[in-house]
Amino acid sequence: MAGKIETVALLHPGNMGATIGAAATSSGARVLWASQDRGGATRRRAEQAKLVDAGDLSAAVRQADAVLSVCPPHAAVDVARAVAAEKFTGIYVDANAVSRATAEEIGAIISASGAGFVDGGIIGSPVKQAGTTRLYLSGTRAGEIAALFSGSMLDARAIGAEPGAASALKVAYAAWT
């Protein structure tokens with residue numbers, strides 16, 4: 001499925017995720033989210049970010065070229081399993097605050113389902129202005145995801161082909177700060 005990423009499923013538009021979704025939208029992508037079982041605050045963030053409601057996870061994943069997971073760390077593995085169960089074959093980006101070992105576990109789950117895996121590490125606050133938030137990406141398809149954000153306020157950088165490198169960088173940065 002190499003080529004330009006046109007449609008992204010964002011799981012889930014919290015404070016950080018909604019601004020990442022808005023950055024992808026500003027670069028021309030269609031960004032979907034799943035409103036099923038989500039509250040009013042999430043709906044307001046998604047609407048403000050100009051995300052398109054696909055209804056549920058299955059519908060969002062079915063339409064997406066890429067899935068971007070930005071969720072609470074404790075849910076990251078379960079979200080990956082749910083996407084894998086949908087037989088998703090695009091690019092799955094785990095941009096959660098998880099350890100390198102957890103990112104590698106998620107990568108194994110996603111790869112076994114036939115999808116490409118990109119590890120992501122977000123450093124900074126929610127995207128409100130250029131130069132405040134970076135998304136480091138690693139994996140063989142990291143460059144495709146970085147290109148998704150070109151021209152947006154999010155500074156997305158591919159840092160290598162080895163999944164887990166972005167999570168390791170994020171952990172090292174957190175320890176340093």
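Modeller: First, a term: two strands pair if DSSP finds at least two bridges between them. Helices (H or I, at least four residues) and strands (E, at least two) are DSSP runs, numbered from the N terminus. This is a predicted model: local features need pLDDT of at least 70, side-chain atom pairs count only at pLDDT 80 or more, and totals for chains, interfaces and linings use all residues. Residues are numbered from 1 along each chain as its sequence is written, and side-chain values use heavy atoms, with hydrogens and water left out.

Colleague: Fine. In what order do the strands of the sheet run?

Modeller: The order is β3-β2-β1-β4-β5-β6-β7-β8. That makes an open sheet of 8 strands with mixed pairing. At the edges are β3 (52-53) and β8, each pairing on one side only.

Colleague: How many bridges join β7 to β8?

Modeller: There are 5, between β7 (residues 133-138) and β8 (residues 155-160), and the two run parallel. S138 has G160 in β8 as its bridge partner. Y136 stands opposite R157 in β8.

Colleague: And which helix makes a β-α-β unit with them?

Modeller: Helix α6 (residues 142-148), and the unit is right-handed. Right-handed here means that, with the strands pointing away from the viewer, the path from the first strand over the helix to the second runs clockwise.

Colleague: Switching to the core. Which residues touch the most other members of the largest one?

Modeller: L68, L137, I145 and F149, in a nonpolar core of 32 residues. Such a core is a set of buried Ala, Val, Leu, Ile, Met, Phe, Trp, Tyr and Cys residues joined through side-chain atoms within 4.5 Å. Buried means under 20% relative accessible area, exposed over 50%, partly exposed in between (1.4 Å probe, protein chains only). The largest share, 5 residues, comes from α1.

Colleague: What does F149 touch?

Modeller: Beyond its neighbours within four places in sequence, F149 is in contact (heavy atoms within 4.5 Å) with I20, A23, A24, S27, L68, L135, L154 and A156. Another core, of 26 residues, lies apart from the largest one and includes L32, A64, V67 and C71.

Colleague: Now S69. Buried or exposed?

Modeller: S69 counts as buried because its relative accessible area is 0%. S69 sits in β4 (residues 66-69).
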